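Dear colleague,

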Amino acid sequence: MQNNVLLEGLSTTVTGILVVYLGLIILIGAISLMRVFSVKDKKEDKPSQSAAKAPAATPAPPAVNVDKGISPDIVACIAAAVASIMQGESPKTDFIVRSIRRR
């Protein structure tokens with residue numbers, strides 16, 4: 001009787017350990033697959049040699065249409081807030097603040 005209880009406890013322990021490690025292996029595999037499918041093409045990130053040699057001419061940004069009474073500091077804060085929000089959505093997003101009006 002003592003021997004039977006010991007074997008049953010040992011088999012339960014081994015079964016539990018196997019189930020936990022099998023679950024961890026499946027979880028690691030799922031995370032690895034997500035990493036593989038979410039990686040962007042590395043070719044896209046590297047600039048071509050011709051693009052690196054010739055600097056692109058950047059046009060001057062248009063003047064911001066600001067209502068009277070809004071200080072340049074407030075305009076800069078609004079532009080920084082918009083930039084931080086848009087970078088969270090897509091890091092390569094360019095934006096231009098065209099107008100700031102007080103309501």
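Ile31 is partly exposed, with a relative accessible area of 43%; here buried means under 20% relative accessible area, exposed over 50% and partly exposed in between, with a 1.4 Å probe and protein chains only. This is a predicted model, in which local features need pLDDT of at least 70 and side-chain atom pairs count only at pLDDT 80 or more, while totals for chains, interfaces and linings use all residues. Residues are numbered from 1 along each chain as its sequence is written, and side-chain values use heavy atoms, with hydrogens and water left out.

Ile31 belongs to helix 1 (residues 2-38). Helices (H or I, at least four residues) and strands (E, at least two) are DSSP runs, numbered from the N terminus. Helix 1 spans 54 Å from its first C-alpha to its last over 37 residues, close to the expected 54 Å, which is 1.5 Å times one less than its number of residues. The number of buried residues among these 37 is zero, so helix 1 lies largely in the open.

Ile31 also takes part in a nonpolar surface patch with Ile17, Val20, Tyr21, Leu24, Leu27 and Met34, whose accessible area together is about 700 Å². Areas come from the Shrake-Rupley method with a 1.4 Å probe, and for residues only the protein chains shown count as cover.

**The chain and Val75**

The chain has four helices and two strands, in the order α-α-α-β-α-β. Of its 103 residues, 4% are buried. Val75, in helix 4 (residues 72-89), counts as buried at 15% relative accessibility.

Yours sincerely

Technical notes: Patch = residues over 30% accessible without salt bridge, like charges linked within 9 Å, V, L, I, M, F, W, Y side chains within 5 Å. Salt bridge = Lys/Arg side-chain N within 4 Å of Asp/Glu carboxyl O.
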